[in-house]
Amino acid sequence: MQKQKLMINGERLKQELERFADFGRTENNGVTRLSLSEEDIRVRDYFRACCEELGLLVKVDDIGCMYATLEGTENKPPILIGSHLDSVKKGGRFDGVLGVVTGLEVVRTIIENNIKPRIPITIVNFTNEEGARFEPSMMASGVLSGKFDKSVMLKKIDSEGVTFEEALIASGYKGEVENRLKEAAAFLEMHIEQGPILEKEAFSIGVVECVVGMACYEIEVTGESDHAGTTPMNMRKDALFAANNLINEIRSHLGTLDNELVFTIGRVNVYPSIHTVIPNKVVFTLEARHKDMEIVNAVKDFIHSLPHLGVNEGCEVKTTKLWERDTVWFEPEICKLLEQSAESLGYSNKRMVSGAGHDAQFIASYVPTAMLFVPSINGKSHCEEELTTWEDCEKGVNVILDTVLTLLSK
């Protein structure tokens with residue numbers, strides 16, 4: 001007879017997620033909990049209290065990341081579980097916090113079942129993942145992985161003129177550099193999907209293989225301003241008409257490049273924006289994302305060709321790269337363990353990619369890492385309507401628990 005699987009307490013998980021949502025809960029049942037704000041400090045205090053009540057050792061590093069560790073019988077690098085507790089303005093109750101509460105519930109389940117882990121288990125709360133108060137997003141994990149310069153990050157300023165360093169010191173969560181995450185046996189980050197795929201395809205679990213690569217460009221179209229009523233159509237250099245032609249070409253070409261490619265024109269500015277004046281300049285952004293960097297590079301090649309397409313109405317076209325990132329592939333062995341755990345628990349699952357950025361993509365540069373997604377109803381996230389069913393939350397945490405127990409047995 002097959003041994004019965006150890007399962008988490010679903011009702012306790014639900015209650016804890018609701019309790020965490022109380023810190024910054026909005027009128028429409030969302031959450032506003034900007035990094036190092038009063039709400040964030042209070043939820044950190046509560047998280048620390050929960051961990052210390054369990055007997056965990058809580059440490060804080062020099063950029064405010066929190067690490068709560070259940071000691072192992074062997075002094076080895078820990079299994080890391082977690083995400084972030086900060087939110088965007090009027091965000092949801094699940095984004096980020098689900099990953100932290102997952103770690104809390106996994107450790108509670110292990111302790112109440114008198115399991116003495118062979119190696120330590122650490123729950124982590126990364127500082128300022130959202131970048132909603134201090135840009136950029138994934139600030140702390142970027143510093144930890146060497147992607148961002150700490151001295152530059154400390155000088156970042158919020159809308160009130162407060163620097164990240166000032167907020168960090170005032171929060172009481174400026175710890176020691178020696179407490180930083182340096183190594184781990186594995187890092188497991190559970191997160192809501194923030195998209196519609198799992199729900200639409202009726203899967204409970206998404207095993208995330210990678211965070212996709214992307215490129216973002218600014219495209220500037222320059223023409224000439226003239227009187228809107230006196231300049232014949234065939235004598236105009238209308239920057240907006242030219243930009244429209246380019247956008248049509250972009251959609252036509254990139255739409256057939258690959259069916260998994262996503263691309264967005266997210267910002268458009270028209271100058272001088274006066275109804276009696278022919279526009280002399282249009283500036284718009286174009287970003288594209290795909291797991292295959294060859295596809296991303298093909299998009300970049302096409303963008304570089306835009307000034308020469310012959311649809312520019314006599315206007316000049318300039319392209320400027322704003323940023324880009326390569327695809328980050330997660331540890332195949334850990335992805336396989338997550339998949340096997342989902343299968344053994346009887347949960348429907350699929351392999352997928354993440355189009356959004358997460359702390360895991362930076363931590364993966366020096367720790368074996370994988371992510372797990374659970375469905376977002378209607379794909380909603382970063383809004384008060386964000387919702388994942390309690391059942392799917394419970395299933396996701398059960399998969400993480402089962403995977404941790406497998407890692408402990410190796």
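What follows is a dialogue on how to read these features.

Q: What kind of model is this, and which residues count towards its features?

A: This is a predicted model, in which local features need pLDDT of at least 70 and side-chain atom pairs count only at pLDDT 80 or more, while totals for chains, interfaces and linings use all residues. Residues are numbered from 1 along each chain as its sequence is written, and side-chain values use heavy atoms, with hydrogens and water left out.

Q: Which strands pair with β7?

A: Two strands pair if DSSP finds at least two bridges between them. β7 runs antiparallel to strand β10 (residues 281-290), and 10 bridges join them; within β10, T285 is the bridge partner of E218. β7 also pairs with strand β11 (residues 316-325) in the antiparallel sense, over nine bridges. There, Y217 has K321 as its bridge partner.

Q: How many salt bridges are there?

A: Side chains of opposite charge can pair when their charged atoms come close. The rule asks for a side-chain nitrogen of Lys or Arg within 4 Å of a carboxyl oxygen of Asp or Glu. By this rule the count is 25 salt bridges.

Q: Why does the salt bridge of E16 and R108 tie together separate parts?

A: The closest N and O atoms of E16 and R108 are 2.6 Å apart. E16 belongs to helix α1 (residues 10-21) and R108 to helix α3 (residues 97-112), so the pair ties together parts that are 92 residues apart in sequence. E16 is buried, at 7% relative accessible area, and R108 is buried too, at 14%.

Q: Which parts does the salt bridge between E201 and K350 tie together?

A: The side chains of E201 and K350 meet at 2.8 Å, N to O. E201 lies in the loop between α7 (197-200) and β6 (205-211), and K350 in strand β13 (residues 349-354), so the pair ties together parts that are 149 residues apart in sequence. E201 is partly exposed, at 41% relative accessibility.

Q: Is H84 buried or exposed, and what does its side chain contact?

A: H84 is found in strand β3 (residues 79-84) and is buried, with a relative accessible area of 0%. A polar contact is a pair of N or O atoms within 3.5 Å; within protein, one must be able to donate a hydrogen and the other to accept it, and residues adjacent in sequence count only if both atoms are side-chain atoms. The side chain of H84 makes such a contact with that of E129, at 3.1 Å. Contact in general means heavy atoms within 4.5 Å. Leaving aside neighbours within four places in sequence, the contacts of H84 include D95, N125, H191 and D359.

Q: Where is K150, and which residues does it touch?

A: K150 lies in helix α5 (residues 150-154) and is partly exposed, at 28% relative accessible area. Not counting residues up to four places away in sequence, K150 touches D62, I63, V143 and R180.

Definitions and conventions:
Helix = DSSP H or I, 4+ residues; strand = E, 2+ residues; numbered from the N terminus. Buried < 20%, exposed > 50% of the residue type's maximum accessible area, 1.4 Å probe, protein only.
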